[in-house]
Amino acid sequence: MSTEITGATSGVASRSTTGAGPDRGAPAGPGGRPRRSDRARAEARLGWLLAGPAFVVMLAVTAYPILQAVYESLFRNRLTAPDDRAFIGLGNYGVILGDPVFWKSLGVTTGIMLVTVAVELVLGFALALIMHKAVTQLRGLLRTAILVPYGIITVVSAFAWFYAFSIDSGYVNQWFDWVPGISPDLNWFAGTWTSLFVIIASEVWKTTPFISLLLLAGLAQVPSDLEEAAQVDGATWWQRMKRVVLPNMKAAIMVAVLFRALDAFRIFDNVFIMTNGANDTTVLSLLAYRTSIGRLEIGLGSAISVLLFVCVLIICFIAIKIFKVDLAGARGEK
Amino acid sequence: MIAGTAVVALAAGLGACAPADDTPVLTWYTNPDAGGQALLAQQCTQEAGGAYRIEVSVLPREASSQREQLARRLAAKDSSIDLMSLDPPFIPELANAGFLAPVPEDVAEEVSQDVAEGALLGASWGDELVTVPFWANTQLLWYKKSVAEAAGLDPATTPVTWDQVIGAARDQDLTLGVQGIKAEAYTVWINALVESAGGHVVETPEAAAEDVELGLESEAGQEAARIIAEIGADGLGGAGLPTQDENASLSQFQGDSGSFMVNWPFVWPAMQGAVEDGTLEQSFLDDVGWAVYPQVVEGEDAAPPYGGINLGVGAFSRHVDEAYEAAACIVRPENQAAYFVSDGNPPASTVAYDDPEVQETFPMADVIRQSLEQAAPRPQTPYYNEVSQGLQETWHAPRDVDPGSTPQQATDFIVAVLRGERLL
């Protein structure tokens with residue numbers, strides 16, 4: 001509660017200061033009501049002028065392709081058979097929704113999303129705590145070290161993990177052959193579960209820093225006097241976490257979960273590099289890619305992309321309506 | 001004074017550009033190689049004496065990505081595509097869509113002289129030559145002489161069968177080098193087995209998508225499935241089989257468990273390179289033998305895989321005549337021989353194999369030529385991509401193949417995909 005209040009005050013304060021800046025130079029008497037509304041209007045206009053170009057660009061690069069995909073998804077259209085193009089209404093959607101391949105890849109995608117986000121939340125929180133509590137001299141080094149995986153290009157990290165686990169050139173089987181189940185003969189990319197394990201592990205390694213950074217921002221919002229008060233009252237570490245820290249950073253946690261969930265749902269690179277969908281590891285993005293880019297079936301592929309987009313919208317809806325993620329609250333605006 | 005300088009500068013600038021402007025520039029989209037195609041482009045540009053200039057533009061590494069890029073550009077009527085290096089399985093798709101300029105009769109006659117049978121088939125679509133055969137690849141059976149001897153086989157003189165090869169590996173507890181990865185390499189293997197057994201994966205390659213008939217539910221299809229299932233289920237391909245591509249097969253063959261391997265001729269320069277680098281013993285190389293692809297039915301010639309690159313001319317090119325002239329120059333037998341020596345890619349022309357330098361660099365040149373005469377292309381249908389991926393989807397992993405049900409499943413699945421009733 002108190003964070004929100006602090007956040008709100010500071011937000012308003014800073015905004016009014018900047019807003020007042022230009023006005024100060026204007027020749028005027030004491031500010032009355034109409035004057036303020038003038039300023040508010042000017043501010044709103046300035047806001048539009050500043051945000052307008054970005055808004056137009058957004059429309060051009062996102063809204064236009066999305067609408068184009070929706071339009072294309074209503075046609076039977078194969079690039080190498082231009083004469084066969086025909087309007088088939090929702091036919092493509094019928095094929096996709098009636099096909100086990102779609103449902104299986106939806107299941108695999110959802111599974112990967114749930115597992116990665118859950119694991120990353122725990123690991124990311126631990127890392128955020130370490131970064132938060134680290135002594136000042138170590139802080140810079142620690143944050144850099146933790147952020148390194150996030151700075152690596154996904155394709156590169158996918159290749160690195162692929163070669164580490166591959167049966168002919170990998171070292172994992174040699175290093176970990178004391179673990180039951182791991183032997184030089186274990187082909188990680190020949191089975192569904194072992195493939196998924198490597199895919200998820202590489203995804204977790206790569207993106208945990210992102211979630212820990214968001215959580216660190218949340219931790220910084222928790223007022224230290226509250227924690228100190230709890231400590232004086234004799235609360236254990238666990239009690240302080242559960243009753244003071246976590247409730248105060250709920251907004252940050254929910255935003256981190258939402259961002260990562262949307263990101264993880266669109267997973268592509270790792271799967272594409274490691275298995276290319278073999279052993280039932282096809283994810284939705286890969287299915288869309290294979291259909292529209294590989295098979296050149298623009299209509300069918302667009303329909304899969306549209307369905308993928310709908311899934312993302314559903315996740316957003318669930319997060320915002322059911323889990324009440326407050327995007328503005330996390331930024332300390334409200 | 002200033003004006004004078006400007007005029008001089010302008011004149012100099014025009015002078016530099018003038019000859020280039022008159023010469024038609026042909027853009028040749030090539031697959032990545034060791035630089036041999038760029039060299040041929042230079043050579044033919046010089047020989048043309050100003051009739052055209054060839055510029056090389058390199059395509060992505062994977063054959064499937066090359067197809068994706070070319071098909072998308074051609075669908076958008078890209079006029080910058082004059083010449084293309086095309087992987088044969090994708091030629092029918094481009095030809096059927098009208099993306100290839102027709103081959104002039106005189107050029108067709110010139111470039112199909114002394115060309116290996118398999119290569120000629122692969123460059124055609126519907127009884128008509130639609131591309132210019134350039135280089136032709138085929139797989140050979142590579143083996144360790146010591147292993148073959150211990151099994152009482154001599155593949156170099158008497159053709160061996162898959163059953164003999166499987167038996168030899170099983171008896172000596174060794175692994176076979178085959179490609180079981182869920183990728184194009186696996187289709188190559190499946191198709192070669194079906195063709196060698198006397199069948200065809202696709203019976204009606206020129207039919208429309210809805211009418212394509214498959215030939216997998218035949219004795220040939222079942223025999224192919226039996227061989228793959230036996231190698232897969234008995235672990236004869238090693239633990240790496242489900243992810244094994246051509247390079248992985250080679251490194252397995254170079255290991256202690258290696259025995260026999262089916263692979264493209266690139267393995268020969270690769271093994272020689274490894275000996276030069278000191279990672280492989282010379283004695284190993286001395287033990288390596290080669291022969292024509294194993295037979296499925298004893299006594300019947302095998303139909304080895306066919307690959308390679310043919311030259312296509314873009315239908316939207318502004319310089320079709322010059323492009324065909326250039327293509328005819330590029331594929332001249334002496335150029336093919338030079339390209340074989342420099343880049344290790346075997347010629348489509350049978351006379352190029354008589355080149356003394358070829359014979360010296362590739363002691364197996366005559367076996368490659370024979371293999372190319374026997375080779376069978378992969379299904380030549382405009383829907384090759386669907387057929388190939390459908391095969392991989394239903395036949396992977398090798399250990400799960402069941403001769404009784406897999407061919408049937410593959411047929412049902414591929415037919416449904418072609419009819420637009422299933423996703424792939």
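1. Helices are DSSP runs (H or I, at least four residues), numbered from the N terminus.

2. The model is predicted: local features need pLDDT of at least 70 and side-chain atom pairs count only at pLDDT 80 or more, while totals for chains, interfaces and linings use all residues. Residues are numbered from 1 along each chain as its sequence is written, and chains are lettered from A and ligands numbered from 1 in the order in which they are written.

3. The crossing of α13(A) past α14(A) is left-handed, meaning that the near helix is turned anticlockwise from the far one by less than a right angle. On the α13(A) side, the contact (C-beta atoms, placed from the backbone, within 7 Å) includes Leu284(A), Leu287(A), Ala288(A) and Thr291(A). Nonpolar covers Ala, Val, Leu, Ile, Met, Phe, Trp, Tyr, Cys and Pro; charged covers Asp, Glu, Lys and Arg; the others, Gly among them, are polar.

4. Leu296(A) sits in the loop between α13 and α14 (298–322) of chain A. Its phi is near 60°, a positive value in a residue other than glycine. Leu296(A) counts as buried (20 or more other C-beta atoms within 10 Å), because it has 22 such neighbours.

5. Asp280(A) is found in the loop between α12 (269–274) and α13 (284–294) of chain A. Asp280(A), although not a glycine, also has a positive phi, about 55°. With 16 other C-beta atoms within 10 Å, Asp280(A) is partly exposed, a class between buried and exposed (12 or fewer).

6. A cis peptide bond joins His396(B) and Ala397(B), with omega about -5°. Ala397(B) belongs to the loop between α18 (384–395) and α19 (406–418) of chain B.

7. The contact between the chains takes 25 residues from chain A and 24 residues from chain B. On the side of chain A, α3 (91–97), α4 (100–133) and α13 each supply at least two residues. The largest share, 5 residues, comes from α13(A). By class, this side of chain A has 14 nonpolar, 5 polar and 6 charged residues.

Definitions and conventions. Two residues are in contact if their C-beta atoms, placed from the backbone, lie within 7 Å.
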